[in-house]
Amino acid sequence: MMSIQNPQIQSHAFLQEMYDDDYFPDFLVDKCKAIFLNVCERIEQEQPQNLDELYAITHEATEQINDLQDEFYDNDSEIETAARDCLGETMFFVAQAYGFDDADGEELIAPRDW
């Protein structure tokens, strides 16, 4: 696993709003954070040249987050409004940190079912 080079990403407190809310179990927020860090590593490794290539990476990550929903339910939690906003904003932050200022916030997470 490569280490992330982007200083904006290195210093970012990923999903802090979810960590600060007891409704979201930390170990599940950790899993979401790991998905976002994987997105960062993939962007640095694959260096997408356009939005379509970026969206392919973010859509795969969004589907991985979708797969966590049952675990949230099993732990008396769910990916609801606060989590949706936090996850969406985080994906947009990642896109911007890598220079994709024209990325569409909704398109980044288009396959979401949360």
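## Basis of the model

The model is predicted: local features need pLDDT of at least 70, side-chain atom pairs count only at pLDDT 80 or more, and totals for chains, interfaces and linings use all residues. Residues are numbered from 1 along each chain as its sequence is written, and side-chain values use heavy atoms, with hydrogens and water left out.

## Overall fold

The protein has seven helices and zero strands. Its order from the N terminus is α-α-α-α-α-α-α. Helices (H or I, at least four residues) and strands (E, at least two) are DSSP runs, numbered from the N terminus.

The C-alpha trace spans about 40 × 25 × 25 Å along its principal axes. The radius of gyration is 13 Å, which agrees with the value near 13 Å for a compact globule of 114 residues. That radius is taken over C-alpha atoms, and the globule rule is 2.2 Å times the number of residues to the power 0.38.

Contact means heavy atoms within 4.5 Å. Of the contacts with a separation of 6 or more, 74% join residues 24 or more positions apart.

## Surface and charge

Of the 114 residues, 44% count as buried. Buried means under 20% relative accessible area, exposed over 50%, and partly exposed in between (1.4 Å probe, protein chains only).

The protein exposes about 6100 Å², with 43% supplied by carbon and sulfur atoms. These areas come from the Shrake-Rupley method with a 1.4 Å probe; for residues, only the protein chains shown count as cover.

There are 5 positive and 28 negative side chains, and the centres of the two sets lie 2 Å apart. Lys and Arg count as positive, Asp and Glu as negative; His and the chain ends are not counted. Each charge is placed at NZ of Lys, CZ of Arg, CG of Asp or CD of Glu.

## Helix α4

Helix α4 covers residues 51-66. Its 16 residues reach 22 Å from first C-alpha to last, close to the 22 Å expected at 1.5 Å a residue. The expected span is 1.5 Å times one less than the number of residues.

Buried residues of α4 include Leu54, Ile57, Ala61 and Ile65. The buried residues of α4 pack against α3 (26-46), α5 (69-74), α6 (81-97) and α7 (105-108).

## Two residues

Leu54 sits in helix α4. Leu54 counts as buried because its relative accessibility is 0%. Beyond four places in sequence, Leu54 touches Ile43, Pro48, Ala95, Phe100, Ala103 and Leu108.

Asp20 lies in the loop between α2 (16-19) and α3. Asp20 is exposed, at 57% relative accessible area.
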